[in-house]
Amino acid sequence: MSSALDSLLDLLDLEQIEQDIFRGTSRSAIVPRVFGGQVAAQALVAAGRTVPADRTAHSLHSYFLRMGDPGAPIVYSVDRIRDGRSFTTRRVVAVQHGQPIFHLSASFQTHEEGLEHQAAMPPAPDPETLPTAAQMLPRYADRFSDPGIVDRMIEARAAVDLRYVDAPPFGTVGEPREPRSQVWFRTNGKLADNPLLHVCMATYVSDMTLLDSVLLAHGRGGWTVGDVVGASLDHAMWFHRPFRADEWLLYDQESPSASGGRGLGQARIYTQDGRLAITVIQEGVVRVPRG
């Protein structure tokens, strides 16, 4: 296991400070605010720790309310909304400096057998044939005004092996493309056999690239290039089938719409053997800076 993955696992291991109240810290991010995927994953950890072990997360719905301060702890307060025979519902509010910065509702379910069908996995190359972030990102160093951004991006993704199938948005600035993007990802090391941990890790990664497809449609390079400004607004996930975040997962993303200073991304995450594991939808602020 890499030291970066160890650090990320420590980040997700929240401190319990009272019944249903937890405290988390933050790690450095590419931009000077708390990474949204971190807050979502930590909130899901907090919710999951109040749920019986035989119930696994099947959905989450969340809103990003304020930018998080990476220099201050985040307190997660869990509200036990419902404990039913099959389903358990939790609401989590993340607070910093006395103000809510994030709100999450999550639902957990006991295992059941039922009807089965799924959308087919799209074609994608073998992830082992694609360059790693450390191999790929330096190729685009000249696209960034900040000379240190490549090192920060590599550091921010060191816990996760994330590989783009095609060039990322900052690789084709000024060239509008079909609003679709694919990445393969897995953790840089094995994880414990804890379903909640794998779900939380996928939640963490899901916020890294989902709005890429919005940028591709307009030939924009993204926040690191500086030709757009933005932030996540809301984030929803449905966990359909068991998966491991330490094994390759295909993140197939597209954007059906952008308007009103907002862009929508939707995606499906498949296991390498073709099982549909997760559906993700996110809307974010995507604004062109005013000259």
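**Sheet and helix in a predicted model**

Student: In strand E10, which residue stands opposite Trp184?
Tutor: In this predicted model, Leu250 of E10 stands opposite Trp184.

Student: How many bridges join E8 and E10, and in which sense do they pair?
Tutor: Six bridges join strand E8, residues 180–187, to strand E10, residues 249–259, and the pairing is antiparallel.

Student: What holds such strands together in general?
Tutor: Strands of a sheet pair through backbone hydrogen bonds.

Student: Which sheet do they belong to, and what is its strand order?
Tutor: The sheet is open and has twelve strands, in the order E1-E2-E4-E5-E6-E3-E9-E12-E11-E10-E8-E7, with antiparallel pairing. Its edge strands are E1 (15–18) and E7 (160–164), each of which pairs on one side only.

Student: By what angle are neighbouring strands turned against each other?
Tutor: The average is 25°, direction ignored.

Student: Which strands does helix H5 touch?
Tutor: Helix H5, residues 195–209, packs on the sheet and touches E3 (55–64), E7, E8, E9 (229–239), E10 and E12 (276–287). The direction of H5 makes about 145° with that of E9.

Student: Turning to E6, what stands opposite His61 there?
Tutor: Ser105 in E6 stands opposite His61. E3 and E6, the latter spanning residues 99–110, pair in the antiparallel sense over nine bridges.

Student: And which residue in E6 is the bridge partner of Arg91?
Tutor: That partner is Ser105. Strand E5, residues 87–96, pairs with E6 in the antiparallel sense over ten bridges.

Student: How many residues lie between the strands in the hairpin of E5 and E6?
Tutor: Two residues lie between them, and His97 in this hairpin takes a positive phi near 50°.

Conventions. Residues are numbered from 1 along each chain as its sequence is written. This is a predicted model: local features need pLDDT of at least 70, side-chain atom pairs count only at pLDDT 80 or more; totals for chains, interfaces and linings use all residues. Side-chain values use heavy atoms; hydrogens and water are left out. Two strands pair if DSSP finds at least two bridges between them. Helices (H or I, at least four residues) and strands (E, at least two) are DSSP runs, numbered from the N terminus. Axes are lines fitted to C-alpha atoms, for helices over the stretch in contact, and angles run from 0 to 180 degrees between N-to-C directions. Contact means heavy atoms within 4.5 Å.
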